[in-house]
Amino acid sequence: MLFLFRWWERYRLGLILAILCLGGAWVFSRSQGVGLLEVFRFAHRPVQPDAVRQKELVDAQTKQLRQQLADLESRNQTLQELVDHKSVKSKQAIAVSILGRSGDNWWQQLTLSKGENHGIKVGSVVFAPGGLVGRVTAVSQNTSRVLLVTDPTSRIGVIVTRSRHMGIFQGQSSTEALITFFDKDPDVKVGDAVVTSSLSRLFPPGLPVGKIKTLKLEQNYNPQAIVELAVPISKLEWVSVYLNDQTSLLQKTVPASP
């Protein structure tokens, strides 16, 4: 007994450690390391409570979904306005999404996602809720390029709906445009509506263009006015395009004078 007692006193620590190591190895092999991973995860658990962290994640995701929903509702409303237009319903025009737009030519042109295969031709008139946008100047099988009315090279015959005075509309690479009147003393007021005139060879008459914002009637030979465009061209995502020669069949739709 004295021999066993001395042996135990001498080797008990090593024996206990050996048993613990063998036991740990057995548990690790049986659990495939899950237990060790749980211990590791517990040791590295963030100080912040899980409930608070989860709430922040849920709030962030909810905010993201609400923003996406608002964006979809806005797009759907714009598309619905185009689809509901009488020319689209009667198949005289089609709704087309804007495929591309260059920052260098933001106010000059844009590219549409449909082309010859969908009935679009060079010269087709492009419009959006509010009025005139531009006309197609180049077309491929599945895309088309539009020259915007805001391009300084765009010159359009227009008329003031209240007084029937005519002038030439010219883009200014912004949300405003310039009208130069033919008459030396035109009857025009701030707020007057402006539409395309019957003398225009590129656009059908009666398409809304904008309304008079500022007068420059002091010009002796060429009285002018600044027009605020009817269509928010810088924000467009969808437009409508009149097909083929349907523009000549459009009825004159002159807005009521303010």
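Which residue takes a positive phi in the hairpin of E7 and E8? Read on to View 2 for that one.

This is a predicted model, in which local features need pLDDT of at least 70, side-chain atom pairs count only at pLDDT 80 or more, and totals for chains, interfaces and linings use all residues. Residues are numbered from 1 along each chain as its sequence is written, and side-chain values use heavy atoms, with hydrogens and water left out.

**View 1. Here are E6 and E7, an antiparallel pair.** E6 covers residues 155-160 and E7 covers residues 166-171, with five bridges between them. Strands here are DSSP runs (E, at least two residues; helices are H or I, at least four), numbered from the N terminus, and two of them pair if DSSP finds at least two bridges between them. Look for Ile 159, which sits opposite Met 166 of E7. The hairpin has five residues between its strands, and Arg 164 has a positive phi near 65 degrees.

**View 2. E7 carries on into a pairing with E8.** E8 spans residues 176-181 and runs antiparallel to E7, again over five bridges. Phe 169 has Ile 179 in E8 as its bridge partner. As for the opening question, it's Ser 173: its phi is positive, near 55 degrees, in a hairpin with four residues between the strands.

**View 3. Six strands close into a barrel.** Follow the order E1-E2-E5-E4-E3-E12, with antiparallel pairing. From one strand to the next, the twist averages 45 degrees (axes are lines fitted to C-alpha atoms, for helices over the stretch in contact, with angles from 0 to 180 degrees between N-to-C directions).

**View 4. Zoom in on E2 and E5, antiparallel neighbours joined by four bridges.** E2 is residues 109-112 and E5 is residues 144-148. Leu 112 faces Ser 144 of E5 across the pair.
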